[in-house]
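Please examine the sequence and the three-dimensional structure shown below. The report that follows describes the fold, the overall dimensions and a few local features.

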Amino acid sequence: MYKDTVIDKKLVHQPKFIGVFFGVWFVTFFVFDLGGSIFGQFLAPVIGDPATSGLYGRFVVAFVLGFFLTLNIFAIGFLPTQRQSLVVWIELAICFVGGFHIFNLSLEFIQSKIWFLISRGLFTTIYVSVISIIFAFIVAMIGAIAKLSGNGFAMGIANFYTSLLRALPLLLLLFLVYLGLPQTGYVIDAVPAGILALTLNYGAYMTEVFRGGIESIPPGQWEAARSLGFTFGPTMRRVILPQAIPIIIPPTGNMFISMLKDSSLVSVIGVWELMFMARTLGQKTFQHMEMLITVAMVYWVLTIVLEIFQRRLEKHYSTVKETKE
Amino acid sequence: MNKISTSRIDSLKNDTLTRDSAGLTAKDSPNNLIIKMINVNKWYGPLHVLKDINLEVAQSEKIVVCGPSGSGKSTLIRCLNRLEAHQKGEIFVDGIELHDHMENVDIIRRDVGMVFQQFNLFPHLTVIENIIAAPVWVRKIPRSEAYETAIELLERVKIPEQANKYPSQLSGGQQQRVAIARSLAMQPKIMLFDEPTSALDPEMISEVLDVMIELAESGMTMICVTHEMGFAREVANRVVFMDEGQIIEQNDPGEFFDNPQSPRTKLFLDQIIAH
Ligand SMILES: Nc1ncnc2c1ncn2[C@@H]1O[C@H](COP(=O)(O)OP(=O)(O)OP(=O)(O)O)[C@@H](O)[C@H]1O
Ligand SMILES: [Mg+2]
């Protein structure tokens, strides 16, 4: 993307903006009386008992919060852009995680279960997703090439496949595979059924992504290859796909992140993955929130790791054309 | 493949080439023909882009095709390696007829090299890999052998030092010379050029034309769509003028430029000289 070469006057350092920003937050905090919250307790030495401090307490809390918020963005304004974005991200994460305290989570309970949850659930989630994305990649590659092959049979099969499989909700497909296949004589375990359903479903979506990627290669590349005597197959393999794959990889990373979460659907057929753990581990003691939030955090961390990985991949493929010397 | 020649345009002005070219057209016998187009017609939907084209090209002949934009020049030469299909008439290339049901169009394409206006190099391959791609993957020549030939070709197009760069790191003129080398690596019998210098900055045009002149000297059969009239005068045995899908006039370059027959040709020549 184009990066601006001229630095704007910093908004967060303009008195007018600072004034308005402070005003808005001050009024907001004042209206939604925060005296009863953790902030009121912090300020107890100044305002006395938050419950009885009345308008004065409300005013002080709103003022102090507004002041620190404004000071915060004012200070962040001095950082270089990359740092700014990182600091803001971390602050938001702290606020978000800090917000969990309203659920009164039992940390001991989480600690007692987390190892089991990760060793069983996380492993299954990753394992199901990785295998499914690999198969889906292969299916999609075949589907996309079939659609572009100019062969009527191949095109017909591929079009039928994407049309049907993109129409079926994943959950429905999962039940069809898990409950339907045994009736035809093939008894299938929950994990392979899940992998099959995820593969078919994602393969159909990715077929379209891959087709788009392949079609985005300029026709001149086809013409050059064909006029050198390459037939369809070698043109695809040697000329078109090596150029299309770098275009296809980033959206595949995206698909994988999405699959990681859709793999939670296989918990309904009893696969012991993350979501299954989340629903069952807390059941006995009614500590649902503990496990749900823990699993949410695990998914989040996983996604962050994948995002970093995906960014690396994108960077790798965008710089791969530099000199080989 | 013929010996590398370093001669430039000036050296070509002496009589060897002109004598040669004049001789060729005269002594052509039909069995020397390498391309034959008989009443070829082509439509894009309702648009009639080639109208009753008749053209014969002898071995080693150099033809320059010119004409106004949209007259069908590209279409004509793209029909010769069947990048485009014609709908009526017959085209023979090296004794093989091109038609909808041909057994193996790739056999023709291996023998007919094509150079495009936009170079169309493979951006994911280095210069040397671009050149050995077709010999290795199409002709199945051992890599080391293809590599040696490729180095020779790069010397021939005068950029041996760029072998390991990627196309995007080269100037337009260098890219086009790589494209020529890539076609030559298949040892084609015929080379087709579709406005090879039109996308180039003026100072790069001559480096590409030099390579093409050298190629012409080596005896290659060449059909060039180009508006480089200097090149046409120096190298062509025949200039073919097209307008609205028809061949209006064809003649040897001297006659064509100094004594055009058709008023349309005159108009066209006036326009490009006025530029
Ligand atoms: N793929 C296509 N589909 C429809 N019409 C086309 C197509 N390719 C070319 N044409 C039309 O056919 C006619 C001849 O095109 P062609 O490219 O052969 O002209 P040209 O003489 O090479 O022109 P230029 O000097 O601009 O390259 C033009 O009117 C063009 O619009
Ligand atoms: Mg053209």
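This report moves from the chain as a whole to one of its helices.

The structure is a predicted model. Along its principal axes, the C-alpha trace of chain A spans about 85 × 60 × 35 Å.

How much of chain A counts as buried? Of its 325 residues, 36% fall into that class. Among the contacts in chain A with a separation of 6 or more, 73% join residues 24 or more positions apart.

| Property of chain A | Value |
|---|---|
| Accessible surface | about 19200 Å² |
| Share of that surface belonging to carbon and sulfur atoms | 70% |
| Positive side chains | 22 side chains |
| Negative side chains | 17 side chains |
| Separation of the centres of the two charge sets | 5 Å |

One helix deserves a separate description. Helix H6 of chain A covers residues 107-148 and has a kink of about 40°, centred on Lys113(A). Just after H6(A), Gly150(A) takes a positive phi of about 75°.

Methods: Residues numbered from 1 in each chain as written. Chains lettered and ligands numbered in written order. Predicted model: local features only at pLDDT ≥ 70, side-chain atom pairs only at ≥ 80, totals over all residues. Heavy atoms only, no water. Buried < 20%, exposed > 50% of the residue type's maximum accessible area, 1.4 Å probe, protein only. Contact = heavy atoms within 4.5 Å. Areas by Shrake-Rupley, 256 points an atom, 1.4 Å probe, with all protein chains shown as cover. Lys, Arg positive; Asp, Glu negative; His and termini not counted. Charge placed at Lys NZ, Arg CZ, Asp CG, Glu CD. Bend = angle between axes of the 7 residues up to and from the residue. Helix = DSSP H or I, 4+ residues; strand = E, 2+ residues; numbered from the N terminus.
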